[in-house]
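Please find below some notes for a colleague who is coming to this structure for the first time. They take the chains, their domains and their strands in turn.

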Amino acid sequence: MSIGNTDETVATDAIVPDSITATALPANGDGLVSRKPTARVQVVKPLEVSTDTAQKHPPNSLRNTGIVSVFFWLVDELRRFIGGGSSSAANDSKSTGSTSTINLFITYFNHAILLIIFFIISIYKNYLYVRRRIHLKFLNLTYFPNKSPHIIRDDVNKLSRIPKRVSCIVNFKDEEEENGGIDGLINDISELTAWSVSAGIQELSIYEYNGVINDYYLELNRYINKNLKNYFGTEYVPNISIKSPHSSKVLVNKPEKPIDLYVNLLSKVDGKPTIVELTKTISELAINRELSVKDITIDLINDELVELVGSEPDLMIIFNPNLDLQDYPPWHIRLTELYWEPDNKDITYAVFIRALQNYAKAKVNVGK
Amino acid sequence: MNPNLSTPSSTQAPLVSAGTLKKLLFAFPLFAYLQGFFKDLVISIMKTGPVPQHVAVIMDGNRTFARKRNLPLKEGHTAGAESLVGVLDACYRLGVSCVTIYAFSIENFHRSKEEVDTLFGLLREKLNYLSQNEDSYAMYNKVQVKIIGNKAMIPEDILKDLERVEERTNHNFGKRVLNVCFPYTSRDDITGAIRSISEKRINHEINKEDINMDLLDISMYFGPETPPLDIMIRTSGHTRLSDFMIWQCNYDCTLEFVDTLWPDFKFFDIMAILFKWGYYKTLETEKLKHLGKRKAKLHQTAQDILKDLPAHPPYRSVSDR
């Protein structure tokens with residue numbers, strides 16, 4: 001198993017797995033909550049299938065492109081523009097005479113200028129890309145956790161405040177890419193977990209568009225614990241609870257001890273589809289006169305969605321080259337502070353700590 | 001003569017600063033003409049590329065602007081309103097059909113009573129100004145003003161005025177729409193949609209199977225005729241959404257957080273954002289087109305091989321004789 005590029009020191013067979021107890025989500029609470037999982041599973045599933053075949057990648061995932069290919073595309077675009085424009089404008093020119101030909105020419109001219117500007121922008125963007133990458137490389141050298149919780153806690157203690165709940169949008173990279181595939185994702189998540197525990201964050205949500213990580217539950221748990229042992233030693237490993245709200249699975253390593261970090265695995269089904277399901281349940285209740293329409297308030301919906309998906313995060317770190325929310329659960333991004341590093345693809349400690357620094361600086365004033 | 005020239009921008013500034021020189025320069029008719037010409041050119045160039053359908057703006061920074069320049073609060077809001085007209089003009093001339101502004105959040109009711117009243121008054125004043133007579137901005141440019149939000153929370157006299165504005169601009173229903181979110185929060189919007197769907201279910205207008213994402217979408221305040229959101233802009237550097245269109249902006253929408261304060265946000269700032277959007281949109285469509293072409297070709301050859309093979313000899317099987 002080749003996991004990541006930063007963990008050569010880990011010997012796979014030397015670590016004995018912890019006593020893993022997988023427990024189903026306790027169906028506590030009254031009527032409304034307990035009847036939901038069954039209703040959700042029924043209708044969310046076909047939705048999932050249809051979206052998966054339509055598109056695997058989240059929208060807007062392509063950003064940086066080579067100058068040469070941009071040039072060819074733009075030339076192609078211009079050719080098509082002129083070709084398409086002249087065929088449709090041919091009828092017009094007969095009726096209105098010479099003025100429309102002039103207009104047509106001006107339009108082509110303007111479009112050509114637009115494409116030339118686009119081409120210049122593409123050169124500039126590539127320059128920016130290189131500059132930012134160098135900057136990030138430099139930052140990665142400056143902020144290096146060295147697998148030591150003390151260093152991380154020292155970094156964090158310079159800040160005036162830290163978020164209680166952090167959410168991270170991560171991308172599933174191709175197998176061929178560096179630190180890609182499912183192993184790379186597991187490695188990244190385990191690193192994030194270790195940093196969050198060291199920083200003192202209570203809850204960490206991991207959002208991945210397609211939710212591929214949900215199938216690799218036990219592997220993820222094993223690897224997180226292995227990684228935590230690198231940070232904290234084998235004697236006292238922090239107690240982690242991993243939860244996937246959609247499949248209502250909870251995994252706690254040591255159920256008898258207090259939990260140091262809750263890890264929440266989210267995907268796009270926890271967003272709008274869950275709200276649609278909630279609407280169905282609520283309208284059913286309203287029909288059966290168990291709930292009056294007047295009682296449907298923001299607080300009720302909020303309580304239900306907190307139960308179903310989790311609390312609203314204080315800080316969201318988007319490990320993406322551009323700012324894109326990728327269909328993240330909409331209810332949960334009301335006042336969340338967003339942080340992203342332009343042109344950054346990797347999940348590194350430098351980005352993580354800079355996000356926390358940015359959070360400490362930001363001023364929150366609701367409505368004021 | 002530019003009226004701004006007579007008001008000193010700051011007390012300790014030297015007599016001739018870069019700002020005053022710039023203002024003096026802009027005051028020349030020739031320069032103003034050139035600037036107008038340049039703006040027209042930029043717009044006609046950008047019109048030939050992809051243009052967003054729906055732009056939303058969180059106008060943040062009026063108070064900071066006033067505080068920085070030692071102006072009364074009201075001046076900050078007035079400067080913001082001026083800036084809004086400029087941005088609206090740029091967007092509509094470019095061909096953006098729908099602009100949404102966050103005028104007042106439900107959370108804003110927590111502010112002091114005076115400021116809430118000032119904001120209400122200002123909004124009423126500005127909307128009246130936009131649509132008062134035949135050559136006001138909204139009437140002349142055929143912009144339909146829509147009030148979006150929880151209307152039950154608006155004081156009655158103001159609501160009456162706002163409805164009159166809506167009514168007056170309604171006859172030119174068409175391409176250009178200005179959505180004024182007042183008082184609005186997205187969570188309230190989503191809750192309202194769920195409530196209205198439940199009501200419809202009680203009245204047996206729809207079945208359980210009819211409830212889906214699209215129904216929720218059109219049950220919100222924005223309604224079915226609003227195009228999907230393309231760009232969301234927030235000024236003055238906060239990287240938060242503050243409960244504004246969180247349902248609409250989280251998929252296939254460009255979020256832009258700018259450091260400029262809203263009163264300083266002018267024509268070229270908005271154009272830069274729209275330009276950037278157009279650039280990425282062009283690249284995206286081109287890339288998809290090329291990917292699609294290649295995929296289609298691969299698929300075709302795979303199928304054609306089997307079809308193009310010569311016919312095989314007849315079957316002879318032991319099972320079905």
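Into which domains is chain A divided? Point 2 takes this up, after a word on the model itself.

1. On the basis of the notes. This is a predicted model, in which local features need pLDDT of at least 70 and side-chain atom pairs count only at pLDDT 80 or more, while totals for chains, interfaces and linings use all residues. Residues are numbered from 1 along each chain as its sequence is written, and chains are lettered from A and ligands numbered from 1 in the order in which they are written.

2. On the domains of chain A. Chain A is divided into domain 1 (21-54 + 147-361) and domain 2 (67-137), with bounds that come from an automatic or database domain assignment. Five residues of domain 1 of chain A are in contact with four residues of domain 2 of chain A, where contact means that the C-beta atoms of two residues, placed from the backbone, lie within 7 Å. The side of domain 1 of chain A that touches domain 2 of chain A consists of two nonpolar, one polar and two charged residues; here Ala, Val, Leu, Ile, Met, Phe, Trp, Tyr, Cys and Pro count as nonpolar, Asp, Glu, Lys and Arg as charged, and the others, Gly among them, as polar.

3. On confidence in chain A. The mean pLDDT (the predictor's confidence in each residue, from 0 to 100) of chain A is 79, and 77% of its residues reach 70 or more. Over residues 1-55 of chain A, however, pLDDT stays under 50, and the model has 53 contacts beyond four places in sequence for this stretch. Residues 86-95 of chain A also stay under 50 in pLDDT, with five contacts beyond four places in sequence.

4. On strand β2 of chain A. Helices (H or I, at least four residues) and strands (E, at least two) are DSSP runs, numbered from the N terminus. In β2(A), residues 165-169, five of the five residues are buried, meaning that 20 or more other C-beta atoms, placed from the backbone, lie within 10 Å of a residue's own. A:R165, A:S167 and A:I169 point one way from β2(A), whereas A:V166 and A:C168 point the other way, and all are buried.

5. On the partners of that strand. Two strands pair if DSSP finds at least two bridges between them. β2(A) pairs in the parallel sense with β3(A), residues 203-207, over five bridges, and A:V166 stands opposite A:L204 there. β2(A) also pairs in the parallel sense with β7(A), residues 315-318, over four bridges, where the bridge partner of A:V166 is A:L315.

6. On a hairpin in chain A. β4(A), residues 240-244, and β5(A), residues 249-252, pair in the antiparallel sense over four bridges, with A:I242 opposite A:L251. The two strands form a hairpin with four residues between them, and A:S248 in the turn has a positive phi of about 45°.

7. On chain B and its side towards chain A. Chain B is divided into domain 1 (51-184 + 229-281) and domain 2 (186-220), whose centres, taken over C-alpha atoms, are separated by 27 Å. Between the chains, 43 residues of chain B are in contact with 44 residues of chain A. On the side of chain B that touches chain A, α8(B) gives the most, with 11 residues, and the residues of that side divide into 16 nonpolar, 13 polar and 14 charged.

Note on methods: A residue is buried if 20 or more other C-beta atoms lie within 10 Å of its own, exposed if 12 or fewer, and partly exposed in between; C-beta atoms are placed from the backbone.
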